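Here's a walk through a fold, sheet by sheet, with stops at the helices and the packing between them. Have the viewer open while you read.

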Amino acid sequence: MKKILVVTLILTMVTLMFAGCQSSDKETKTGDNTGVSNEKTNDEEKPFRVAYIARAQADSFAAWLANAVMEEADKYDNIKVDVFDGQASDDTENSLIENAITNKYDAVIIQPNNGEAQRPYAEKAVKAGIITITTNARIDGIEGASSVDADPYLQAAVNAQAAIDQIPENANVVVLKGPPGNFHADKRYESWQKEFFEKRPDVKVVGEEIANWNKDEAMNYMETWVQANDKIDAIIAMNDNMAAGAIEVIKDNPKYKDILAYGVDGTAEAALLIKDGLMTSTCLQSAYDLAESLLDTANKLLTGEEKQIDIDIDCPLINSENVDDTIEMHKKAGAL
């Protein structure tokens, strides 16, 4: 995770973050589908300015994605990306979007903390003529905005369908949920309900809490559940970060040597936990694939090659049989 630690997330102080960024180089980028902006006037050589607003640096996947976006941006001579940390706060994230509008960024990429809370601000960006892309999770239904994402229902379903045969009869399980209102959190939870719990009525949920994608919150809940229950057979988490937090609590306790654990994201930490036999499976939501698609999408929209793009990346299952491929992917990227 060294590279993630190296990420230069430009933090949130609004007055600082846009200091000196007031643009006098107003540009119009209503391309004519020729692949070239046809109305830039005085400063053709200047790169397009893109504001990437990350959900939270403390979220391991969000940090991975922000890092991947910065690395991918280095491949584009015509694009300059500034990354801002939303700090898992709707107020902070909304302020960052408003300031991207004020400072006339050419494009804004929004990784929402809560899609519905950011929706009106994303709509403001579109109305201001700024190319607007939502990602992880997309905010559906904003006319004029584009999106790059993965299907959260499928991400959970590949785990849930495997768990049907893995979780023992009459098992006790605990469930860790993401923030309510978040498209990915809600859809992954819905998927587990339909793809697993409705088909396995013998399974009992002995603990279920919202841990907000957060490892520390997941640890706290798991500590409580371990004290309150004689037996826990499986951890069902809506992301890897929360699964890793729950595993941290019981990993050295022989009583839980056979516990199963499921997540989503395919982070470097989760891959190592699977390799060590501490985690059962996850679904790869490759930040590298998302970043590649985000920059490609931004470039096509900024140059006028496309008017709107909405795409999903793949979501393969990672388990002990194929985890070496994911570990190798993270090693090549410098994350391990």
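Four strands make up an open sheet in the order β7-β6-β8-β9, with parallel pairing. Here helices (H or I, at least four residues) and strands (E, at least two) are DSSP runs numbered from the N terminus, and two strands pair if DSSP finds at least two bridges between them. At the edges sit β7 (204-210) and β9 (260-262), each pairing on one side only. The twist averages 15 degrees from one strand to the next.

A word on ground rules: this is a predicted model, so local features need pLDDT of at least 70 and side-chain atom pairs count only at pLDDT 80 or more, while totals for chains, interfaces and linings use all residues. Residues are numbered from 1 along each chain as its sequence is written, and side-chain values use heavy atoms, leaving out hydrogens and water.

Back to the sheet: β6 (residues 172-177) and β8 (residues 234-237) pair in the parallel sense over four bridges, with leucine 176 opposite alanine 237 in β8. Helix α7 (residues 183-197) lies across β6, β7, β8 and β9, at about 160 degrees to β6. Helix α9 (residues 240-250) packs on the sheet too, touching β6, β8 and β9, and its direction makes about 155 degrees with that of β8. Axes are lines fitted to C-alpha atoms, for helices over the stretch in contact (heavy atoms within 4.5 Å); angles run from 0 to 180 degrees between N-to-C directions.

Is arginine 188 buried or exposed? It is buried, with a relative accessible area of 2%; buried means under 20%, exposed over 50% and partly exposed in between (1.4 Å probe, protein chains only). Arginine 188 belongs to α7. Leaving aside neighbours within four places in sequence, arginine 188 is in contact with residues including Pro152, Trp213, Met238 and Asp265. The table gives two of its side-chain polar contacts, a polar contact being a pair of N or O atoms within 3.5 Å; within protein, one must be able to donate a hydrogen and the other to accept it, and residues adjacent in sequence count only if both atoms are side-chain atoms.

| Side chain | Partner side chain | Polar contact |
|---|---|---|
| Arginine 188 | Glutamine 155 | 3.0 Å |
| Arginine 188 | Histidine 184 | 2.9 Å |

Now for the other open sheet. Its six strands run β2-β1-β3-β4-β5-β11 with parallel pairing, and the edge strands are β2 (79-85) and β11 (310-313). Strand β5 (residues 146-150) and β11 pair over four bridges, and serine 147 stands opposite aspartate 310 in β11.

Helix α3 (residues 60-73) lies across β1 (48-54) and β2, running at about 165 degrees to β2. Twelve of the 14 residues in α3 are buried, among them Phe61, Trp64 and Leu65. Aspartate 59 caps its N-terminal end, with a side-chain oxygen 2.9 Å from the backbone nitrogen of phenylalanine 61.

Finally, the packing. The largest nonpolar core has 79 residues, and those with the most contacts inside it are Tyr52, Ile167 and Trp192. Helix α11 (residues 287-302) gives the most to this core, with nine residues. A nonpolar core is a set of buried Ala, Val, Leu, Ile, Met, Phe, Trp, Tyr and Cys residues joined through side-chain atoms within 4.5 Å.
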